[in-house]
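Here is a short report on a protein model. Keep the structure in view while reading.

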Amino acid sequence: MNNLFQKVQRLVKWVLPFYLLTLLPLSASATEPQKFSPEKFQADMEAFITKEASLTADEAAKFFPVYREMQHKQRAVWNQMKDLGRNKPADEAACRKAIEKRDQLELEQRRIIQTYHNKFFKVLPASKVYDVIIAESRFHRFAMRNFGRGNRPPQKKQ
């Protein structure tokens, strides 16, 4: 019995490290976070908003082209703001000018949002526009917290 126990010990001593060395890298690569896909993010967000705001297929078909148009305009302004933040200006006057330009761009972002909220009212009832705004906010908060973890967005509270 003691001899059998020693053989099992030797086997475990040599086989277990082999399995660990071969299987751990495989499992680590299998759980590696996926790379960001803008198309998947957009599709997930639209599906989430559709569900959370209880949009019908017809409402979604009318709403999302306008919504994407708003996002496109917002992204253009955001890119300008990002460019401003890349390098700190060399002197006080240039810093002041950069801050003033950023303030103008932030106001432009708000104008875009306000303009498109009014356009949304033409394709959806105000109560659904409200639900869309809340759903979008929830989706973005969730996405920032869980990026790369493969988690699904939270469900609407009933």
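The model is predicted.

| H2 | 38-52 |
| H3 | 57-84 |
| H4 | 92-123 |

**The core**

The largest nonpolar core holds 23 residues. Ile-49, Leu-55, Phe-63, Phe-64, Tyr-67, Phe-120 and Val-132 touch the most other members. Helices H2, H3, H4 and H5 each supply at least two residues of this core. The largest share comes from H3, with eight residues.

Phe-64 also has contacts that can be listed by name. Leaving aside residues up to four places away in sequence, Phe-64 touches Glu-46, Ile-49, Thr-50 and Leu-55.

**Helix H4**

How far apart are the end C-alpha atoms of H4? They are 47 Å apart. The helix has 32 residues, and at 1.5 Å a residue it should span 46 Å, so the two values agree.

Several residues of H4 are buried. They are Cys-95, Ala-98, Leu-105, Gln-109, Ile-112, Ile-113, Tyr-116 and Phe-120. The buried residues of H4 pack against H3 and H5.

**A patch on the surface**

Tyr-130, Ile-133 and Ile-134 form a nonpolar patch on the surface. Together they have about 280 Å² of accessible area. Is Ile-133 buried or partly exposed? Its relative accessible area is 33%, so Ile-133 counts as partly exposed. Patch residues need over 30% relative accessible area, and Ile-133 has 33%.

Technical notes:
Residues are numbered from 1 along each chain as its sequence is written. This is a predicted model: local features need pLDDT of at least 70, side-chain atom pairs count only at pLDDT 80 or more; totals for chains, interfaces and linings use all residues. Side-chain values use heavy atoms; hydrogens and water are left out. Patches are made of residues with over 30% relative accessible area and no salt bridge: like charges are joined within 9 Å, nonpolar side chains (Val, Leu, Ile, Met, Phe, Trp, Tyr) within 5 Å. Accessible areas come from the Shrake-Rupley method with a 1.4 Å probe; for residues, only the protein chains shown count as cover. A salt bridge is a side-chain nitrogen of Lys or Arg within 4 Å of a carboxyl oxygen of Asp or Glu. Buried means under 20% relative accessible area, exposed over 50%, partly exposed in between (1.4 Å probe, protein chains only). A nonpolar core is a set of buried Ala, Val, Leu, Ile, Met, Phe, Trp, Tyr and Cys residues joined through side-chain atoms within 4.5 Å. Helices (H or I, at least four residues) and strands (E, at least two) are DSSP runs, numbered from the N terminus. Contact means heavy atoms within 4.5 Å. The expected span of a helix is 1.5 Å times one less than its number of residues.
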